[in-house]
Amino acid sequence: MLIVIAGFPAAFVHIFFTGSLLIEVIFSLDGLGLLGYESVINRDYPVVLGTLYIFSLISLVMHLVRDVVYVQVDPRISFEAQS
């Protein structure tokens, strides 16, 4: 079960990033994926950094959720420093 928990957040974030751009282009929707893509094409660096920041925050939150679920599934796992 721990292998599934370890791989799910990374897969989810990857699917979220690529899927948002793909769906927004296909259905002509306005969103962060299309905004990031168009800002890269137009070399609008503040917008590129803003979308990268938001996607990075989502990724970090997913990794935090993964660590919390680790402890819930297997209580033997501890993230505290050992001396």
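Helix H2 covers residues 32-41, and four of its residues are buried: Gly33, Leu34, Gly36 and Ser39. The model is a predicted one, and buried here means a relative accessible area under 20%. What hides these residues from the surface? The cover over the buried residues of H2 includes helix H1, residues 2-26, and helix H3, residues 45-73. Just past the end of H2, Arg43 has a positive phi of about 55°.

The protein contains 3 helices and 0 strands, and read from the N terminus its elements follow the order α-α-α. The radius of gyration is 17 Å, well over the 12 Å that the globule rule gives for 83 residues, so the protein is more spread out than a compact globule.

How much of the protein is buried? Of its 83 residues, 19% fall into that class; Gly33, Leu34, Gly36 and Ser39 of H2 are buried residues of this kind. Contacts give another view of the chain. Among contacts with a separation of 6 or more, 44% are made by residues 24 or more positions apart.

The next topic is the surface. The accessible surface of the protein is about 6500 Å², and carbon and sulfur atoms account for 70% of it. One part of the surface is a nonpolar patch of about 530 Å², made by Met1, Val4, Val61, Val65, Val69 and Val73. Which helix gives the most to this patch? It is H3, with 4 residues. Val65, a member of the patch, lies in H3. Its relative accessibility is 42%, and Val65 therefore counts as partly exposed. A residue needs over 30% relative accessible area to be part of a patch, and the 42% of Val65 is its value for that test.

How many salt bridges does a search of the whole structure find? The search finds 1. Arg66 forms a salt bridge with Asp67, and their closest N and O atoms are 3.8 Å apart. The cut-off for such a pair is 4 Å, so a nitrogen of Arg within 4 Å of a carboxyl oxygen of Asp qualifies. Is Asp67 buried, partly exposed or exposed? With a relative accessible area of 26%, Asp67 is partly exposed, because that class lies between under 20% and over 50%.

Definitions and conventions. Residues are numbered from 1 along each chain as its sequence is written. This is a predicted model: local features need pLDDT of at least 70, side-chain atom pairs count only at pLDDT 80 or more; totals for chains, interfaces and linings use all residues. Side-chain values use heavy atoms; hydrogens and water are left out. Helices (H or I, at least four residues) and strands (E, at least two) are DSSP runs, numbered from the N terminus. The radius of gyration is taken over C-alpha atoms; the globule rule is 2.2 Å times the number of residues to the power 0.38. Buried means under 20% relative accessible area, exposed over 50%, partly exposed in between (1.4 Å probe, protein chains only). Contact means heavy atoms within 4.5 Å. Accessible areas come from the Shrake-Rupley method with a 1.4 Å probe; for residues, only the protein chains shown count as cover. A salt bridge is a side-chain nitrogen of Lys or Arg within 4 Å of a carboxyl oxygen of Asp or Glu. Patches are made of residues with over 30% relative accessible area and no salt bridge: like charges are joined within 9 Å, nonpolar side chains (Val, Leu, Ile, Met, Phe, Trp, Tyr) within 5 Å.
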